[in-house]
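I'll go through it pair by pair.

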Amino acid sequence: MTETINKEQIETDVIVIGAGPGGMTAALYASRANLKTIMIEKGVPGGELVNTADVENYPGFKLISGPDLATHMYESSLGFGAEHVYGDVTHIEVHDGVKYVHTSDKLYTAPVVIVATGSHHRKLGVAGEEKLSGQGVSYCAVCDGFFFRNRELVVVGGGDSAVEEGAYLTQFADKVTIVHRRDELRAQKVLQDRAFNNPKVEFIWDSVVEEIKGEAGVEAVQIRNLKTNEVYDYSTNGVFIYVGLIPNSDIVKDLGITDDEGWIITNDAMETSIPGLYAVGDVRQKFLRQIATAVGDGSHAGHMAYQYIESLKAQAIHAG
Ligand code: NAP
């Protein structure tokens, strides 16, 4: 086993890695089943909720801000004794059924680990993106939208994030132009209708952004129309990029539980191919990435953790 020397070692029943909606719900269910539960998070609890302005599709709340919902969930998740600790998990090892969760200075061990590490926004990978990141290029409307009051913005993508965040940005910007590579959106119909009816939202169809131009800030994007091959510069003050998600699954990359793109493969009970190792929420290979589905995953995994530990106890009694 690697890197155990000089690390403080902490033993528990259940380790939840990540404190987004899936992880927080898993911690709630596991601790309520009387399991000693540690939830490790390297940032602010809430996951993507923290970067979400308004939530209107989570039952129980007609409309609630992402950070407010995160606060409610966080309080619930610790209500039955789960412990939240700060930590940046580097990797997980599994030996004889025991899971070893490494952070830079600690080693957590448990029979059950629930991976709830979520995903992050994919970069566009074009010239100027890196250089102007934080200087007009952003992946978070809630974090950076305010800086574009009365300016003009480009949003790249055609999914829920691009369309929802594009509409959100119109409360600051005078005009938001959504550049999408096809002539129809992937986003949910309700979000599409809202964007189509928003006088501040415009669309450039069948087109990709090939370069982001500017010196100290964004000045223009170079756009290519994929149907006509026409290439032109389009003036803008900022670019928000929403072209999909990448799973945060590096910590399990050596365990053989992901698909080719890095999404963790589970069955309907959130079990990976390794007994006692579960995955929930956006990091999981799944059809629908939503707060509600992450919460469903988390409750399932928390319950399965209890079942798994009971089965270990029964095996021990049988063997002894
Ligand atoms: P997504 O659904 O994967 O959509 C990504 C969009 O970017 C697609 O329209 C895709 O085009 C486009 N795209 C991908 N690569 C591109 C490239 N290199 N250049 C230009 N365009 C590119 O990602 P998302 O919108 O971030 O959503 C992620 C998940 O979160 C989804 O499951 C979504 O339902 C969920 N979500 C839900 C809500 C909500 O319920 N309110 C809000 C936000 C996100 P194509 O369509 O041509 O593939």
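How do H1 and H6 run relative to each other, roughly parallel or oblique? Before answering I note that this is a predicted model. I looked up the axes of helix H1 (residues 21-32) and helix H6 (residues 291-319), and they cross at roughly 30°. Angles under 35 degrees count as roughly parallel, so H1 and H6 are roughly parallel to each other. Their axes come within 7 Å.

Next I checked the hand, and H1 and H6 cross in a right-handed sense. On the H1 side I have Pro21, Gly22, Thr25, Ala26, Tyr29 and Ala30. H6 brings in Ile291, Ala294, Val295, Gly298, Ser299, Gly302 and His303. I sorted the residues of the H1 and H6 contact by type and got seven nonpolar, six polar and no charged.

I find helix H4 (residues 160-169) packed on helix H5 (residues 189-196) at an angle of about 40°, with the axes 9 Å apart. That makes this pair oblique. Which hand does the crossing of H4 and H5 have, left or right? I get left-handed for H4 passing H5.

For the contact itself, I listed Asp160, Val163 and Glu164 from H4, which meet Leu191, Gln192 and Ala195 from H5. Sorted by type, the residues where H4 touches H5 come out as three nonpolar, one polar and two charged.

Conventions:
Residues are numbered from 1 along each chain as its sequence is written. This is a predicted model: local features need pLDDT of at least 70, side-chain atom pairs count only at pLDDT 80 or more; totals for chains, interfaces and linings use all residues. Side-chain values use heavy atoms; hydrogens and water are left out. Axes are lines fitted to C-alpha atoms, for helices over the stretch in contact, and angles run from 0 to 180 degrees between N-to-C directions. Helices (H or I, at least four residues) and strands (E, at least two) are DSSP runs, numbered from the N terminus. Angles under 35 degrees count as roughly parallel, over 145 as roughly antiparallel, 65 to 115 as roughly perpendicular and the rest as oblique. A crossing is left-handed if the near helix is turned anticlockwise from the far one by less than a right angle, and right-handed if clockwise. Contact means heavy atoms within 4.5 Å. Ala, Val, Leu, Ile, Met, Phe, Trp, Tyr, Cys and Pro count as nonpolar, Asp, Glu, Lys and Arg as charged, and the others, Gly among them, as polar.
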